[in-house]
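Here's a quick tour of how two chains meet. Have a look at the model first, then we'll walk through the contact surface and the symmetry behind it.

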Number of protein chains: 2
Amino acid sequence: MSWTTEAQAAEGGMTERAFTLAGDNGDVPGVYWEPAEGGADALVLLGHGGTTHKRVPYLIAVAQLLAARGVASAAIDGPGHGDRLTIAHTGDNFKAVWDAGGGTEGMLADWRAALDFLHAETGERPTGWWGLSMGTMMGLPVCARDERIRTAVLGLMGTWGPNGAALTEMAPKLTLPLRFLVQWDDEIVPRDACLELFGLIGAKRKTLHANPGLHAAVPQFEVAASADYLASQLRR
Amino acid sequence: MSWTTEAQAAEGGMTERAFTLAGDNGDVPGVYWEPAEGGADALVLLGHGGTTHKRVPYLIAVAQLLAARGVASAAIDGPGHGDRLTIAHTGDNFKAVWDAGGGTEGMLADWRAALDFLHAETGERPTGWWGLSMGTMMGLPVCARDERIRTAVLGLMGTWGPNGAALTEMAPKLTLPLRFLVQWDDEIVPRDACLELFGLIGAKRKTLHANPGLHAAVPQFEVAASADYLASQLRR
């Protein structure tokens, strides 16, 4: 596992640097962002959504919001996604794509290796998670298993989908402070399944924020507030 | 309707002044708070909870949070509550108390008279509402009817209780930006009834915030954030 580029200027007051991990399911490419002026005192792992990838624009926008708050961030391609595509997305074959990329256990190993690498290379800074939808399919298990992660923004996911059983089982073990986003008119993940998953989460300090709108229509003010939340929690 | 005391110093950097309205159901006593240094550019009406009154400590705490943000506030005793007590609270006679004090229609007239008085006496400043539980039994109808109120914090109430039918009917007519608080383990108002009421509210800009805990255990950070929200909305 190693850097594959030098740090280079990126939009939104950041620098960006690529890395690659040698995973059990093939190479896992990742990207690390930090404020252009350096000095980040915290790190957030960014989990992308289904059918997207580590550099999808909305994830870069979150990285920019975090950088503006002095926080570094990093993303990797999830199982079967981005540069790890082995089966084309057809709209209804998510589970096949996910499983071909290593499934939940492979995903856990990938993220553990990524955080090992990032802490070794950039410092063991207070670390959080931001990820919605498939970013929660990844983030909930990762945050439940890896004690180095101390706060999270999750959401747009429920006791539902290809790893719904794993999420249901792991939710009570998730005890870090977190914010959980729900879209009231979610046309992909049933709202009741999202509410049920929030209810199962073991954390005492968990807050649900729900707004009207479809799955991908999380209001911009809520996204900005989620960056405020992580920056604040990581500096407590 | 008139002031009944001079403004006097109160705890938390405020001044406090009492007033009384001649209502259809007897005198309605109220209290007005503003920052000790004056200069408030907005006003928030505070609706107290069931079996409490206009000067219950948690409401004064909200008045202090608002005053610290340069916002004035005011509360009146609700139907059959506080100094308007005509039937003693027994724990299961809320509807009798509410109806004896004028019920939903009388409550609407009381609050309209209170806002008429406050705007005439202290200026027609941007005006909001803060009220949970019975404070939403009052606030939802008041905010749906009175166009002078432009933003609200509501919650801990559902399609339930003595005016549940009125709330259900009026919710779609409530179109102002609002934040709605839910306690996930509410032992008084069923959670599903709270979620249903939130879903029925007609506002496009509505956000639900839910936290673990019993009815009266709204976290302090959420209360402080609700004051931030109102101050911000009233200055848009």
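## How much gets buried

Buried area here is the accessible area, taken with a 1.4 Å probe, that two parts lose on being put together, summed over both. In this predicted model, chain B and chain A bury about 1100 Å² between them, and 66% of that sits on carbon and sulfur atoms. On the chain B side, the residues losing the most area to chain A are B:Trp184, B:Thr207 and B:Pro212; together they make up 40% of what that side buries.

## Who touches whom

In terms of contacts, 14 residues of chain B meet 14 residues of chain A. As for polar interactions, the rule picks out five residue pairs in polar contact across the interface, with both partners at pLDDT 80 or more. The salt-bridge count between chain B and chain A, on the other hand, is zero.

Which elements of chain B give two or more residues to the side that touches chain A? They are helix 6 (191–200), strand 10 (206–211) and helix 7 (220–234). Strand 10 of chain B gives the most, with six residues. Sort the residues of that side by type and you get seven nonpolar, four polar and three charged.

## Strand against strand

## The symmetry

Turn chain B by 180°, with a shift of 0.0 Å along the axis, and it can be laid on chain A with an RMSD of 0.0 Å. The two copies are therefore related as by a two-fold rotation axis. Both copies use the same surface, as 100% of the contact residues of chain B recur in chain A.

Which residue of chain B comes closest to the rotation axis? That's B:His209, with its C-alpha at 2.4 Å.

How values were computed:
Residues are numbered from 1 along each chain as its sequence is written. Chains are lettered from A and ligands numbered from 1 in the order in which they are written. This is a predicted model: local features need pLDDT of at least 70, side-chain atom pairs count only at pLDDT 80 or more; totals for chains, interfaces and linings use all residues. Side-chain values use heavy atoms; hydrogens and water are left out. Contact means heavy atoms within 4.5 Å. A salt bridge is a side-chain nitrogen of Lys or Arg within 4 Å of a carboxyl oxygen of Asp or Glu. A polar contact is a pair of N or O atoms within 3.5 Å; within protein, one must be able to donate a hydrogen and the other to accept it, and residues adjacent in sequence count only if both atoms are side-chain atoms. Helices (H or I, at least four residues) and strands (E, at least two) are DSSP runs, numbered from the N terminus. Ala, Val, Leu, Ile, Met, Phe, Trp, Tyr, Cys and Pro count as nonpolar, Asp, Glu, Lys and Arg as charged, and the others, Gly among them, as polar. Copies are superposed by least squares on the C-alpha atoms of residues with pLDDT of at least 70 in both.
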